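Student: I have a model open and some labels to check. Can we test each label against its definition?

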Amino acid sequence: MEFGICSYSFHRLLAAGKQDIFKYIQDCVDLGCTQLDPWSAHLLPLIPAKPTGSAVGVLSDADHKYIAKIEEAADRSGLPWGCLAVDGAHIYEASPEARSVNRQNAYRWLDIANMLGAEQVRIDAGGPEDMPDDVFAIIKDGYNDLISRAKTMGIEILFENHFGPSLIPDNCIKLCEEIEGLGLLLDTRNWKPGLREEGRKKCAKYARATHVKALRWEGDEEIGEDVEEAIQLLLDSGYKGAWGIESVPPDGGDDEITAARKTIELIRRCTGQ
């Protein structure tokens, strides 16, 4: 079984100063992961302090040195880079100026992913939930640009059912079917209220990566998210990709490392691996 843990699963450890990208890599080794799936916030020194104008896309000498240091740590771990989940580079914003800043930010993260050797990069669609035709046209053009750029790097561009229009299953299908080369990072939980089951059933066949979302546990049993059902739908659809984990226990619940370990064990039980 191929699996990785999206480092957002450890956002409280990150915020508390108890984990950085280097500790994340070691924690993934200790948990038995087969790949590294970082969240962009774990690469904090690479996030521009003031993302304005085209300069946001430029990597400094210090950035290059930091990336090389990260890659050295990954090489020592023996784990390849899987999916880099990027925030702050989504396609749609109401103003052309804001879209331009986000696009330059996306270019920057593609360059970073290329240097690391990541296979996939998640960049959200953005925009209003109903995704009217004029908004979809902007989103489509934006993804076509990024897909073309990423293709030369051997990187697959993904979107996630994360916020805005991607919370609606039919919008996800439209994005997948009308934008050639765009893949879906399927989060098992992130759907508009009342549409979770529809989203899981309709969109499982489009999944190119996953965020298996587990929140609360009673012992070793996950409660509330019906994770087993979501995994079975993916298996039934023929999903062959790596199992990405985004375990996010609430404050006062399991610690983040324990929650990730329990989610790994749950996936193993469900897949028989």
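The dialogue below takes helix packing, then the sheet, then the pockets.

Tutor: This is a predicted model, where local features need pLDDT of at least 70, side-chain atom pairs count only at pLDDT 80 or more, and totals for chains, interfaces and linings use all residues. Residues are numbered from 1 along each chain as its sequence is written, and side-chain values use heavy atoms, with hydrogens and water left out.

Student: Why are H7 and H8 called roughly parallel to each other?

Tutor: H7 spans residues 196-203 and H8 spans residues 227-236. They pack at an angle of about 25 degrees, with axes 9 Å apart. Angles under 35 degrees count as roughly parallel. H7 and H8 are therefore roughly parallel. Axes here are lines fitted to C-alpha atoms over the stretch in contact, and angles run from 0 to 180 degrees between N-to-C directions. Helices are DSSP runs (H or I, at least four residues).

Student: What makes the contact, and which classes are in it?

Tutor: H7 supplies Glu197, Arg200 and Lys201, while H8 supplies Glu229, Ala230 and Leu233. Contact means heavy atoms within 4.5 Å. The class count is 2 nonpolar, no polar and 4 charged residues. Asp, Glu, Lys and Arg count as charged; Ala, Val, Leu, Ile, Met, Phe, Trp, Tyr, Cys and Pro as nonpolar; the others, Gly among them, as polar.

Student: What makes E2 and E6 edge strands?

Tutor: The open sheet has 5 strands in the order E2-E3-E4-E5-E6, with parallel pairing. E2 (83-85) and E6 (207-211) each pair on one side only. Strands are DSSP runs (E, at least two residues). The twist averages 30 degrees from one strand to the next.

Student: How do you know that E5 and E6 pair?

Tutor: Two strands pair if DSSP finds at least two bridges between them. E5 (residues 183-187) and E6 have 4 bridges, in the parallel sense. Asp187 has His211 of E6 as its bridge partner.

Student: What is called a pocket, and how much space lies in the largest pocket?

Tutor: On a 1 Å grid over the protein atoms alone, a pocket is an open set of points where a 1.4 Å probe fits, with protein on both sides within 12 Å along at least five of seven lines. The largest pocket holds about 260 Å³. Lining residues have an atom within 4 Å of a point. The largest pocket has 19, and Gln120, Arg208, Ala209, Gly241 and Ala242 are the closest to its centre. E6 gives the most to that lining, with 5 residues.

How values were computed
Parallel < 35°, antiparallel > 145°, perpendicular 65-115°, else oblique. Points joined across faces, edges and corners; volume = space filled by probe spheres on them.
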